Amino acid sequence: MSAPRSQRVEVNGWVILDKPVGLTSTQAVSKLKRLFNAKKAGHAGTLDPLASGVLPVAFGEATKTVPFVQDGEKAYRFTVRWGVETDSDDAEGTVTQTSDLRPEREDVERLLPRFTGEIMQTPPVYSAIKINGERAYDLARDGEKVELAPRPVTIHSLRMVDGDRDHAVLEAECGKGTYVRAIARDLGRMLGCHGHVVALRRTRVGPFFETESAPLGDLLDAPETAHEDMLSIEAGLSELPCIVLDRNGAARLRRGQSVILRGREAPCEGPAYAVCAGIPIASGMVEAGEFLPNRVFNLPF
């Protein structure tokens, strides 16, 4: 007896979720996948269960644009508690260091410029970085000693926006691979008082901002209008140059062939995407005056 066919449907586009605290990114995606009865869904950048904020969720053909969103700039607002360092650099970890010292606001602000630009940062032990094929956080939870090498990250801006004797609220704009938990840890060590993150909210991922995110509860409470919050596939490509092609050029891309670009409007070399009659056809690279497709979208035009 053959297995029953899946009743899920083709759904293509982006939902910018405001993920609540207490839910993993995978759990959040699963809830939306069920809500839209979608065949395929994935997210652009993991948020820890203790974190809230922008979690872009791609459906169907939009999943092919996830790498462009993940590589975009991120923004966070986070609260550091002074006086305690943990092995995870957040409130879930075990306390490893304590201090009675508390920094003055001017002492904190004086050090922030050291954390901007391209810096070397040692990721938290409890991170998703792989060591010999194993996630660092899995090794750490198994009691193994984990040593991660410092790596370059880019922090565009870091500022203190609020605080009291025991806490500092910071906002950071940074590139891919930056850990704000590591900022809290290293800042606390430099101040001599230790520190860890007790609240974290992501306010931007690439082209998607907090202001356009939809709370999970609102989506689940009104499934009949949830589709109104879905953005187009192109939303995930909006930071790339767009190439407009005729049907002949689109047909070539769909066969995996390159297209020669002509005219003043042709973009310079680098990532780009192509459309025909308002429909995204492919993402790829412009090289030597040609557009070479990388991912072709399976959409009618």
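1. The buried residues of helix 5 are V180, R181, A182, I183, A184, R185, D186, L187, G188 and L191; buried means under 20% relative accessible area, exposed over 50%, and partly exposed in between, with a 1.4 Å probe and protein chains only. That makes 10 of the 12 residues of helix 5 buried, and the helix is mostly covered. Helices (H or I, at least four residues) and strands (E, at least two) are DSSP runs numbered from the N terminus.

2. The model is predicted: local features need pLDDT of at least 70 and side-chain atom pairs count only at pLDDT 80 or more, while totals for chains, interfaces and linings use all residues. Residues are numbered from 1 along each chain as its sequence is written, and side-chain values use heavy atoms, with hydrogens and water left out.

3. The length of helix 5 (residues 180–191) agrees with expectation, because its 12 residues at 1.5 Å a residue should span 16 Å and its end C-alpha atoms are 16 Å apart. The expected span is 1.5 Å times one less than the number of residues. Just after helix 5, G192 has a positive phi of about 80°.

4. For the chain as a whole, the secondary structure comes to seven helices and 20 strands. Of its 301 residues, 47% count as buried. The C-alpha trace spans about 70 × 55 × 40 Å along its principal axes.

5. The structure holds 19 salt bridges, a salt bridge being a side-chain nitrogen of Lys or Arg within 4 Å of a carboxyl oxygen of Asp or Glu. One of them joins R189 and E85, at 2.6 Å from N to O. This pair links distant parts of the chain, with R189 in helix 5 and E85 in strand 5 (residues 84–86), 104 residues apart. R189 counts as partly exposed at 47% relative accessibility, whereas E85 is buried at 5%.

6. R204 and E73 also form a salt bridge, with the closest N and O atoms 3.4 Å apart. The two residues belong to distant parts of the chain: R204 is in strand 12 (residues 195–205), E73 is in the loop between helix 2 (66–70) and strand 4 (74–82), and 131 residues separate them. R204 is buried, with a relative accessible area of 17%; E73 counts as partly exposed at 22%.

7. In the salt bridge of R102 with D166, the closest N and O atoms are 2.7 Å apart. R102 lies in the loop between strand 6 (95–98) and helix 3 (105–111) and D166 in the loop between strand 10 (151–163) and strand 11 (167–174), so the pair ties together parts 64 residues apart in sequence. R102 is partly exposed at 25% relative accessibility, and D166 is partly exposed at 27%.

8. A network of salt bridges links D18, R77, R159, E171, E173, R201 and E210.

9. On the surface, D218, D221, E224, E228 and D229 gather in a patch of negative charge. Patches are made of residues with over 30% relative accessible area and no salt bridge, like charges being joined within 9 Å and nonpolar side chains (Val, Leu, Ile, Met, Phe, Trp, Tyr) within 5 Å. E224 is in the loop between helix 6 (216–221) and strand 15 (230–231), and is exposed, with a relative accessible area of 64%.

Methods: Areas by Shrake-Rupley, 256 points an atom, 1.4 Å probe, with all protein chains shown as cover. Lys, Arg positive; Asp, Glu negative; His and termini not counted. Charge placed at Lys NZ, Arg CZ, Asp CG, Glu CD.
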